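The stops below are given in the order in which to select them.

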Amino acid sequence: MHETTPIVFITGATSGIGEACAEAFAAAGWGLVLTGRRRERLEALQHRLGSTVPTHIAELDITDRQAIEQSVSSLPPRFDTPKVLINNAGLALGKGPAQSADLDDWHRMIDTNIKGLVSITRLLLPRLIAYGAGATVINIGSIAGHTPYPGGHVYGASKAFVEQFSYNLRCDVSAAGVRVTDLAPGMTVSEFTQVRMQGDRSVAERYYAGTQPLMPADVASQALHIAELPPHMNITRLEVTPLCQQWAPFNILRET
Ligand code: NDP
Ligand code: 8X3
């Protein structure tokens, strides 16, 4: 028997898309498990959302497997059988060419975007299966998982992993009633570019200048839509970009 208020478990709820998902799901009456490394942000978000929906916050670094195990195993009973997992926590580091990239940055992206995501998924899967029909894993992928670009190297590859993992996961869990979606946004205003550029706000400002990018709330509304579809419907992959973002033609290198 399900509780009347469904629970969504969100990784990376302290900023950007994850924070917007928390707001959108709360407004729709969902209970929340909010995770991220910055506790003060989690507390502020919980405070802002008030007591209209049940909220559990957990400081969590998803590169720390033991911490994930602890976080999942210590979920209070009200929150321990989520209906939806939003694997949102992730980051890009650097945009220079592969040959000058920092290997530590590459490892951190793999540890976060791939290893963290698969760990939390594996640990929560039995609980999503226990929830049953309508349970959903929403993995935040990226257009970068499909479309290569200079400086995309490991970030793009990590999002290609997210896409393929989503498809393969779906093969295994759909018979148990669990849906899986790769929700792949394009350019979205958040702390993403600032993090990528080691805190340099000016690069982020130049990147978004003169555009109308997606807002985190735009992506969150799609996540809520996916979660609230009838249980027999599974959106396999949903790519959403701002209108201003387009493909580029193949770049031809010419002898000079
Ligand atoms: P933000 O930088 O605003 O948010 C990233 C979130 O991930 C933060 O809440 C951060 O929380 C969390 N996070 C990062 N590392 C860890 C970690 N080790 N453990 C736990 N949480 C972590 O960026 P976005 O909101 O834009 O990014 C969210 C997702 O969307 C990412 O997966 C990103 O790849 C993807 N995406 C973003 C796009 C964009 O243009 N912005 C486009 C396509 C996809 P904290 O620092 O508190 O731990
Ligand atoms: C983020 C989108 O195009 O900056 O996933 O890589 S992009």
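Select F161, which is found in helix α5, residues 153–173. This is a predicted model. Is F161 buried, exposed or partly exposed? Its relative accessibility is 32%, so F161 counts as partly exposed; buried would require under 20%, and exposed over 50%. Leaving aside neighbours within four places in sequence, F161 is in contact with I114 and V118.

Next, select ligand 1 and show the residues around it. There are 29 of them, and T14, S15, R37, Y155 and S190 come nearest. From K159, a polar side-chain atom lies 2.9 Å from an oxygen atom of ligand 1. How much of ligand 1 does the protein bury? Taken alone the ligand exposes 880 Å², and the protein buries 95% of that. Colour α1 (16–27) and α5 to see the elements that give two or more residues to the shell around ligand 1.

Now hide the side chains and show the strands. What is the order of the strands in the open sheet? The sheet has 7 strands in the order β3-β2-β1-β4-β5-β6-β7, and the pairing is parallel. Select β3 (55–59) and β7 (237–240): these strands stand at the edges, each with a single partner strand, so one side of each has no neighbour in the sheet. From one strand to the next the twist averages 15 degrees.

Strand β6, residues 179–185, runs parallel to β7 and is joined to it by 4 bridges. Within this pair, A184 stands opposite E239 in β7. Then select helix α8, residues 216–227, which packs on the sheet and touches β4 (84–87), β5 (136–140), β6 and β7. The direction of α8 makes about 165 degrees with that of β6.

Finish at Q198, in the loop between α6 (192–196) and α7 (201–208). With 75% relative accessibility, Q198 counts as exposed. Check its backbone angles as well: phi is positive, about 55 degrees, although Q198 is not a glycine. Most residues other than glycine have a negative phi.

Note on methods. Residues numbered from 1 in each chain as written. Chains lettered and ligands numbered in written order. Predicted model: local features only at pLDDT ≥ 70, side-chain atom pairs only at ≥ 80, totals over all residues. Heavy atoms only, no water. Pairing = 2+ DSSP bridges. Axes fitted to C-alpha atoms, helices over the stretch in contact; angles between N-to-C directions. Contact = heavy atoms within 4.5 Å. Buried < 20%, exposed > 50% of the residue type's maximum accessible area, 1.4 Å probe, protein only. Near = heavy atom within 4 Å. Polar contact = N/O pair within 3.5 Å; in protein donor to acceptor, adjacent residues only side chain to side chain. Areas by Shrake-Rupley, 256 points an atom, 1.4 Å probe, with all protein chains shown as cover.
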